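Here is a short briefing to read beside your structure. Please keep the sequence and the 3D view open as you go through the points.

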Amino acid sequence: MIVDGKAVAQSLYEALQKEREQFGEVTLGHLVTEMSAVTASYARIKERGAEKLGIRMIRTELPEGSDTAAALEAIHQLVEMCDGVIPQLPIVPGIDAAAAINAIPKEKDVDVLSDAAVAEFEKGEWPAIPPVPAALKYILEYHNVPIKGANVVVIGQGRLVGKPASVLFTHLGAHVRTLVKGDDIVAATREADIILSGAGVPSLIKPDMIKEGVAIVDAGTSESSGKVVGDADPACAEKASLFTPVPGGVGPVAIAHIYVNLFELKKKYG
């Protein structure tokens, strides 16, 4: 089955709309350090999600050439005004990205990027889950794919996908193997019940590398011949029981989880 990420995300927004009724005004801060065409596209998608839920989004765009001090001041202002704050990645050179991200208090870090929020998440008791791994989990559960006890292969160890996905799926009771550059990918993927990929390598996963009925949730994005593509060759869909396309698979669900986290943190911290 090829997953329709927009339809899955819509089901999540419908649940969030009901949850939204328990709150008064909700405000989300968005720091942008560079407004490129790609950044503008992501900003619009996030803003549409906020509009669906009646959330006010305050976007601060830093002018070209801004330094770390300017970024920290902007974050401080957003933290004071908003229930949650998200920095648009990547943060431009010239600004200390780690300092900017860690200036967001964990109780308002809806992307779960700061060291403090990540440490809480890794303990397994934090109400917010990094949005991309949360989307991987939601897509599998939405389609009734068992996670507990499954052989899960995570490709890549990046901070947005691979590393937190390995943590999350271990907490969920899966047998997790994380692959990095130089590992024997084929040997691992042929035994996998679930493949979670965030390597950013076009067509890294081929049909002859997977078993019949595997679930492939592809969060890798890269460019090939002028198009955005995933880590898994689309032909893998013919063997997989579940397959997320790129684009249109994980992305919309991950953006919806920004608002899941915002509500969870607001419930906990007010």
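**Helix α9 and its surroundings**

Helix α9 (residues 250-269) is built from 20 residues and spans 28 Å from its first C-alpha to its last, close to the 28 Å expected at 1.5 Å a residue. Please bear in mind that this is a predicted model. The points below begin with this helix, then move to the core, the sheet, the aromatic pairs and the salt bridges.

**The helix in its setting**
- In α9, 15 of the 20 residues are buried, so the helix is largely enclosed by the rest of the structure.
- Gly270 follows α9 and has a positive phi, near 75°.

**The nonpolar core**
- The largest nonpolar core holds 52 residues, and Leu28, Ile55, Leu140, Phe169, Ile194, Leu196 and Tyr259 are the ones that touch the most other members.
- Elements giving two or more residues to this core include α1 (5-20), β4 (151-155), α7 (162-171), β6 and β7.
- Which element gives the largest share of this core? That is α9, with 11 residues.
- Beyond its neighbours within four places in sequence, Leu28 is in contact with residues including Ile55, Val85, Val110, Ile258, Tyr259 and Leu262.

**The sheet**
- Five strands form an open sheet in the order β5-β4-β6-β7-β10, with parallel pairing.
- β5 (175-179) and β10 stand at the edges with a single partner strand each, so one side of each is left without a neighbour in the sheet.
- Strand β6 (residues 194-197) pairs with β7 in the parallel sense over four bridges; here Ile195 stands opposite Ile216, and Ser197 stands opposite Asp218.
- On to the next strand: β7 pairs with β10 (residues 242-243) in the parallel sense over two bridges, where Ile216 stands opposite Phe243.
- In a regular strand, side chains alternate between the two faces of the sheet.
- Are the residues on the two faces of strand β7 (residues 215-218) buried or exposed? Ala215 and Val217 on one side are buried, as are Ile216 and Asp218 on the other, and both faces are covered.

**Aromatic pairs**
- Searching the whole structure gives four aromatic pairs.
- In one of them, the rings of Trp126 and Tyr269 have centres 6.0 Å apart and planes at 45°, so the pair is tilted.
- Trp126 sits in the loop between α5 (115-123) and α6 (131-142), while Tyr269 belongs to helix α9, so the pair ties together parts that are 143 residues apart in sequence.
- Trp126 is buried at a relative accessible area of 10%, whereas Tyr269 counts as partly exposed at 37% relative accessibility.

**Salt bridges**
- The count of salt bridges comes to 10.
- Glu19 forms one of them with Lys267, with the closest N and O atoms 2.7 Å apart.
- This pair links distant parts of the chain, with Glu19 in helix α1 and Lys267 in helix α9, 248 residues apart.
- Lys267 also meets Glu264 in a salt bridge (3.0 Å, N to O); both lie in helix α9, three residues apart, about one turn of the helix.
- Salt bridges that share partners join Glu19, Glu264 and Lys267 into one network.
- Lys137 forms a salt bridge with Glu141, the closest N and O atoms being 3.1 Å apart; both residues lie in helix α6, four residues apart.
- Glu141 counts as partly exposed, at 38% relative accessibility.

Methods: Residues numbered from 1 in each chain as written. Predicted model: local features only at pLDDT ≥ 70, side-chain atom pairs only at ≥ 80, totals over all residues. Heavy atoms only, no water. Buried < 20%, exposed > 50% of the residue type's maximum accessible area, 1.4 Å probe, protein only. Pairing = 2+ DSSP bridges. Expected span 1.5 Å × (residues − 1). Phe/Tyr/Trp six-rings, centres within 6.5 Å; stacked < 30°, edge-to-face > 60°. Core = buried A, V, L, I, M, F, W, Y, C linked by side-chain atoms within 4.5 Å. Contact = heavy atoms within 4.5 Å. Salt bridge = Lys/Arg side-chain N within 4 Å of Asp/Glu carboxyl O.
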